[in-house]
Amino acid sequence: MSINSHIAFYEWNNHLVNIVDTPGFTNFLFETESSLKVVDSAVIVLSAASGLRTQLRKFWQMATDSGLPRLLFVNKLDKERTNFESTIADIEKDLKIRITPLTIPIGEEQDLKGVVDLIEMKAYIYGSDGKYSTEDVPDDLQKQSNAIREKIVESIAETDDELLEKYLEGETFDDETIYTKMREGIISQKITPLYVG
């Protein structure tokens, strides 16, 4: 609900990371547009409860026109009448892009209790205190998690002819290769990653 951009920062691996939080209202689009001129990438937050709105399409197009690597973050999956699969389908249809989910929710609506990291294949279960525990992927999500992880590997392989050849020959990629090639794919805008939370 802000009307101005605000900056926060933190240090990670001896790097200073600046985060610019921009307004979400279309009335203050100029503020967001100005901010996009000084950032290296964009994280676009989408509420699963309200779905795609006009301003999201505008923000997405502005980031695309600026040549920025983009990441989608879907929140509010704990609200009534939200669904992960339909949210993904709506995004792909409306923005005409192919999404690569890197996490999937554990549970739906009020039963949402965590996420599965599809690269590490670990579940992060959150308690009411906001702290999480790391667990194995729940049995009922194993099949879905494996299928989506395979799509991640396929998306990465499609960004590089040599990797594609290895993939088609049945070679598997380790987590480090997946992370490295995912970063390269995001930077080159060949992959559009999606996180949920």
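Welcome! This structure holds seven salt bridges, a salt bridge being a side-chain nitrogen of Lys or Arg within 4 Å of a carboxyl oxygen of Asp or Glu. The model is predicted, so local features need pLDDT of at least 70 and side-chain atom pairs count only at pLDDT 80 or more, while totals for chains, interfaces and linings use all residues. Residues are numbered from 1 along each chain as its sequence is written, and side-chain values use heavy atoms, leaving out hydrogens and water.

Stop 1: Select Arg-57 and Asp-94, whose side chains meet in a salt bridge (2.8 Å, N to O). Arg-57 sits in helix α2 (residues 54-65) and Asp-94 in helix α3 (residues 84-95), 37 residues apart. Helices (H or I, at least four residues) and strands (E, at least two) are DSSP runs, numbered from the N terminus. Arg-57 is partly exposed at 33% relative accessible area. Buried means under 20%, exposed over 50%, and partly exposed in between (1.4 Å probe, protein chains only).

**Stop 2: one helix.** Now pick Glu-184 and Lys-181, a salt bridge with its closest N and O atoms 3.1 Å apart. Why are they separated by about one helical turn? Because they are three residues apart in helix α6 (residues 175-187). Lys-181 is buried at 19%, whereas Glu-184 is partly exposed at 42%.

**Stop 3: the sheet.** Show the four strands of the open, parallel sheet, in the order β3-β4-β10-β5. Its edge strands, β3 (42-47) and β5 (99-101), each pair on one side only; strands pair if DSSP finds at least two bridges between them. Finally, zoom in on Val-74, which stands opposite Val-196 in β10.
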